[in-house]
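Please open the structure in your viewer and follow this short tour. Each stop says what to select and what is there.

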Amino acid sequence: MTATLRNDRLVGDFWGGLAAMLVALPSAIAFGVTIYGAIGPAYAGLGALAGILGATALGLVAPAFGGTNRLITAPCAPAAAVLSAFAIELVQHGVAAPSIVLMLTALGLVSGVVQLLLGFMGIGSLIKYIPFPVVSGYLTGVGLIIIGSQIPKFLGAPGGTSWWRTLISPELWQWQSALIGAVTAAVMLGAPLLTRVVPAAILGLLAGVLSYFGLASIDDSLLVMEGNKMIIGPLGGTASSMLEAITDRWQEIGELKLSQIGSLLGTAFTLAVLLSIDTLKTAVVLDALTRGRHDSNRELVAQGLGNVASACAGGMPGAGQMGATLVNLASGGRTRVSGVVEGVLSLIAFLALGSFIAWIPVGALAGILIVVGIRMIDRHSLHLLESPWTLLDFMVIVAVVVVAVGYSLIAASGVGIALAMFLFIREQLSSTVIRRKLDGGSRYSKRVRLRHEMELLEKQGHQTAILELQGSLFFGTKDQLYTALEPELARRRFVVLDMRRVQSVDVTAVHLLSQIRDSLIERDAFLIFSSLSHVLPNGRNIGEFFDQMELTRMTQHVKVFPELDDAIEWIEDQILGQSPAQDPTLPALELNDLELFRDHKEETLIDLEACLERRTIEKGGKVYTFGDPGNELYLIRKGAVRITLPASGGDAAGHHALTYGRGDFFGGMAFLSQMTRFNDATALEESELFVLQREQFEKLREEHKRLACHLVEAVAKVLALRLRYSDKELMAMQE
């Protein structure tokens, strides 16, 4: 069974690699001719050889070290656009043709090394975060550059003629070349409508070759290879000639100076980024189709090694090619072996068909590349014009395209990076850093207060402003933050900043907070932070950062609390004039001292007190636990009790819900409803309680109905009051 599966994989990989080679090889030849043809017509054959060698080296090396199954690496359009533009620039500067060939080889080598560094440095994980408008602009710009570079070849214009000069000068056109290119493009576009068994590029190329020989039957001069500018020309398609071309290249490359190689770094970096984006984009699409997951950095290392090997062999650089990869997938390719098969078959095709390749018309290759360029143009981006919210994104695409076509892809890379930063800042500015602003009178701590205390806190709520912050606090959102805080500085005694949802903070934001702190100190007011000591996504501990910048040091007017509830509880204690820690010397309250019974005469409480049990709970002791029957009502004479809800994940501490203190009661909901407990109650310190059990209450109700009724009414009033404040908090949080 295992052997059968292995054989099925190998068969699938072979047919997938064969189909991928049939797609990648014609494009590789066309790309190579485009690059080296810019040097001069005599170098078209060398360009075709560079394309074939690139397809071979990339196919053999990149899959061997990469981790993405079915990914086909071959010469691609971005490489053709950058290298042809580079060659044209060198020609315009009068650089000798042999030196240009060496510079192209060195450029491919350096770009491969840059890709290796990007992979080893982990940059592969960041490249995929380049905004879509920038990537779209790159691809569209490359597509237009490819089209522009092929128009003269398509129309048969003399070498060195610009595309716009060609279009306005019909006298330069060669109708045979235009006819061959048009037939090639038409067949390539129409082939998928008839069959998908044979790749469209192969059918288009065959149609172009047949058209050429059809014209040759009329014009015998087309059957002469020497000096024929309509065809690629001789390649020297033997193993010995290929080895000779490679060794000669490396004997001559030693003539390059270190300064010349250094001048390549900018172009090499641009090329490396474009090839990396092209590869990772293809890998992402492949993941979506196969439910796989690629390793971006490993893939960049493999692509870098492949491009270094290609340069060493005299081939052109490349990337993970979308068309060939999808054909490989559709034809049965399953593993990385299919990529190696594509490389091996490319070499075999070169050695076996070298003589045939020499007769491929340049116009046919131009027709193929024009179709490739048209398909690279992101026409779907026009939908961004339909909404004012995406208009700026469309303008970013246009800017990258204009710079790429009008100046260079190198400059477009700089514009793309700058616009990526601009898009990020714009996104940050369009979202508010103030998630919610609350008045102290509408947000209370989990410490349950007595009725008169709650009335005072509600009345004095104007002293406190609570701001829940979110997102990034940096120079771009500084004014937004100050605008929200400015009206609070002159009238609030306590300004609370909840940092729980803050994702990043820069020095500018810290400087602003320092100014706010100083302004509050002048009024003897407090700046209070909560949830400060968490680690941001960038790895920085925000609490340590604030301490380092001396924002939270050197003054008693800046307070830091682990949670927002702790900060609010401290503020409430300040308003009520209480100490956060209860005085242990305070005596235990008697029944008539409790707020619940302050309006009752002492003699009416004698019978109730007889029904109550006095109970002492040690610090950390459980009053009750989740699931216990709710048959007891607890009155706190001394100490404090924390109520916690069971937490998921086995957290023993649970979720802090409420805290009850001296003079209050708890357990009333379960006691009245006679339901089981849905939380835990734990003594925060040694606590003394009055406990009314259900049995004693039933006895009290039979013997003293009026007293029992008053007890239930008093408990219900307090519970209703607590519910009222809870509703007020909920409404404030929804605004």
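Predicted model: local features only at pLDDT ≥ 70, side-chain atom pairs only at ≥ 80, totals over all residues.

Residues are numbered from 1 along each chain as its sequence is written, and side-chain values use heavy atoms, without hydrogens and water.

**Stop 1: the sheet.** Select β3, β5, β6, β7 and β8. In that order, these five strands form an open sheet with mixed pairing. Strands (E, at least two residues) and helices (H or I, at least four) are DSSP runs, numbered from the N terminus. Two strands pair if DSSP finds at least two bridges between them.

Now go to the edges: β3 (434-439) and β8 (558-561) each have a single partner strand, so one side of each lacks a neighbour in the sheet. From one strand to the next, the twist averages 20°.

Zoom in on β3 and β5 (464-473). They run antiparallel, joined by five bridges. Select R436: its bridge partner in β5 is E468.

**Stop 2: the helices.** Show α21 (507-522). This helix lies across β5, β6 (494-505), β7 (526-530) and β8, at about 140° to β7. Angles run from 0 to 180 degrees between N-to-C directions, with axes fitted to C-alpha atoms, for helices over the stretch in contact. Contact means heavy atoms within 4.5 Å. Next, α23 (564-576) lies across β5, β6, β7 and β8, at about 170° to β6.

**Stop 3: one more loop.** Finish at L382, in the loop between α16 (362-376) and α17.
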